[in-house]
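Dear colleague,

I am handing over the structure that we discussed. Please look through the sequence and the model below before reading my notes on them.

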Amino acid sequence: MPSFSAGASSQKQQFARGRQLIRQQRKSLPIASVEKRLVEEVRNNDTLIIVGETGSGKTTQLPQFLYDGGLCQDGKVIGITQPRRVAAVTVAKRVAEECNDHIGKKVGYSIRFDDSTSNATRIKYMTDGLLLREALLDPLLSKYSVIVVDEAHERTVHTDVLLGLLKKVQHSRANTNKNGKTLLGHSQNVTIKECQGIRCAPLKLIIMSASLDAKCFSDYFGGAKAVHIQGRQYPVDILYTYQPESDYMDATLVTIFQIHLEEGPGDILAFLTGQEEIESLERLIHERARLFPPESSKICVTPIYSSLPSEQQMNAFKPAPAGTRKVVLATNIAETSVTIPGIKYVIDPGMVKARAYNPVTGMESLIIIPVSKAQALQRSGRAGREGPGKCFRLFQESEFDKLVDSTVPEIKRCNLSNVVLQLKALGIDDIIGFDFMEKPSRTAILKSLEQLILLGALTDDYKLSDPVGHQMARLPLDPMYSKSLIVSSKFKCLEEMLIVVSMLSVESIFFSVREKLEEARAARKRFESSEGDHITLVNVYRGAAECLEKSRNANAKEKTMEKALNRWCRENFINYRSLRHARDVHRQIQGHVQQMGLSMSSCGDDMVLFRRCLTSAFFLNAAMRQPDGSYRALATGQSVQIHPSSVLFRTKVDCVIFNELVRTTQNYIKNLTRIDPLWLAELAPQYYATEE
Ligand SMILES: Nc1ncnc2c1ncn2[C@@H]1O[C@H](COP(=O)(O)OP(=O)(O)OP(=O)(O)O)[C@@H](O)[C@H]1O
């Protein structure tokens, strides 16, 4: 059938209709009626807390109001931080569209490894982690007139550090105004020097969310004013189950099909806890959908989770093909801020994967726990954004009442090494005395200081070491991974370590399907190394690189090469999405290490050298086999088991290093490599050597 395109005049009409629609939508948002008042409040208060229902227009409208109200004079920028990359990108694109402009001009976004701003950008969406990094170079954040910390209720570790830092910056800028000279940190010369002589207008700070405890934030900011925006755009019906659900995955599957068969048009958004759950549910949906007669309406599934490459994440935001119902399977990255077009139904099983930390042992792990009331509210708020919606909570109403109001701030349940390293790099020396909104425990801070000294990032008197500490602070990675790259450059195996760090930053490189378990096992055998998972991952990455090299040599175009890689992945039961993401991360980190001047080198087939290097980097995560067959983590004394996904599962190696501890029914260690226990004292004498 021939395809037709609209003529120029009809295109113009369509465009005008689109603009008209956006204008109407903006006008109908609850926040629109209080525009003047909000701008006034921001003028009159240096710090303001804004609370308003999900979808009331806070994230997209407030920055535009402030821009129109003249708060970007003198080329200053309004910065809006988001806890998640996907929100920063999609909201910025929407606001650019509302401003009838291209992204990167008046409105832009900046996230790690992806900057879409220019000198013309006045409204800048970014992740909170990125603003922290900017503060390393510009301690007064002098280009910003206003900073909006959005979704502050999430209390991610970055948000909490940022709040403490912004409080300090506000104070410093006020003082700079008076004396023309200020001091942000207590001891770092660079910071003092850079701040001298800069005169900045006071920094306006706005804390925003649909579900935050305004009093708690107001107290922290010296009695800051809180403003409540009334009203929501569309109603969302909340439905609960009559009975408790024992298997939330199965309950989600059943609910998806119940909606598909019984409810009117509209897309579905279901929240799961991680990539593995999402991929397994995706398969189950496809299997069940095949049982329907071919003429019935179709389902199209799009996953969205943090380790999915950005352009694949964006598929969730595209409309489903005509006659199809879109089912978005998401982790909590789609829980706040985002508007996914088409979504009318939300399914919330009420569970989330969260970080947990034991400050005494210093061990961090991931556990699946019930969501908080604030999270449940945010999830239901993803419906009702373009029309009335429904939220199916897969638990009883009485269970909802038992949920905690808000999640324990991440800063209280994570390893603080990264936070401490960043604060040190910002010139803040007294970590225990730092004005955190909620102080992490003293034990946790001391533990991380100790870890950073052991990793060589801090000197014995708690100063950032030169060059290692400074280099580690520049890498956007967990300190242990940053250290592994620096160490590997000395061991002359940076190439291999770069692969390992990239592959470890994605979930589930291997996959298998129930009907093809044997085939998958055989395929995996081709990559397996009896030395452990790290070398196995290197083998997979190199196998993929060889496949790409072959098609490059055959002069294939980029698209054809990707297709060949996709095929190779399928044949080898490798997760194509994860591998692509790993290649992406690889490219980005490679850029960083090259900038730092680390020399690229490969150990070739000398895997003893590489295992020694792994030992030297991850010595804090070593475990020894016990007579009963279990393992004991040497740093913490915890009893652990090898995870069934490891190539070393069911082997009897004496000593291993590992990268991850997962707590389910027991403590499992994942991503292991066999090492010689004698290497520990030799390569990490600061930790293992005993006095003679
Ligand atoms: N990408 C988009 N496509 C279509 N409509 C959108 C889009 N982004 C926002 N909207 C519309 O703008 C409204 C306001 O969105 P906004 O993100 O500003 O609300 P919010 O108050 O910040 O919500 P939340 O607290 O959930 O982040 C949405 O409810 C929706 O109607």
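A molecule is said to sit in a pocket if more than half of its atoms lie within 2 Å of the grid points of that pocket. By this rule, the ligand sits in the second largest pocket. Please keep in mind that the model is a predicted one.

The surroundings of the ligand

There are 18 residues around the ligand, and K58, T59, T60, R382 and R385 come nearest. Sorted by class, this shell consists of 9 polar, 7 charged and 2 nonpolar residues.

Which parts of the protein supply the shell? Domain 1 (13-178 + 198-228) and domain 2 (236-410) each provide at least three of the residues. Among the individual elements, helix α3, which covers residues 58-68, gives the most to the shell, with 3 residues.

Contacts with the ligand

At G57, the backbone takes part: one of its N or O atoms lies 2.9 Å from an oxygen atom of the ligand. At K58, a polar atom of the side chain is 2.8 Å from an oxygen atom of the ligand.

Two points in the backbone

In the loop between α15 (442-454) and α16 (468-474) you will find P467. The peptide bond that leads from D466 to P467 is cis, and its omega is near 5°.

The other loop joins α17 (479-491) to α18 (494-504) and contains K492.

With kind regards

Technical notes. Residues numbered from 1 in each chain as written. Predicted model: local features only at pLDDT ≥ 70, side-chain atom pairs only at ≥ 80, totals over all residues. Heavy atoms only, no water. Near = heavy atom within 4 Å. Polar contact = N/O pair within 3.5 Å; in protein donor to acceptor, adjacent residues only side chain to side chain. 1 Å grid on protein atoms, 1.4 Å probe; cavity = no way out; pocket = protein on both sides within 12 Å on 5 of 7 lines; lining within 4 Å. Helix = DSSP H or I, 4+ residues; strand = E, 2+ residues; numbered from the N terminus. Nonpolar A, V, L, I, M, F, W, Y, C, P; charged D, E, K, R; others polar. Domains from an automatic or database assignment.
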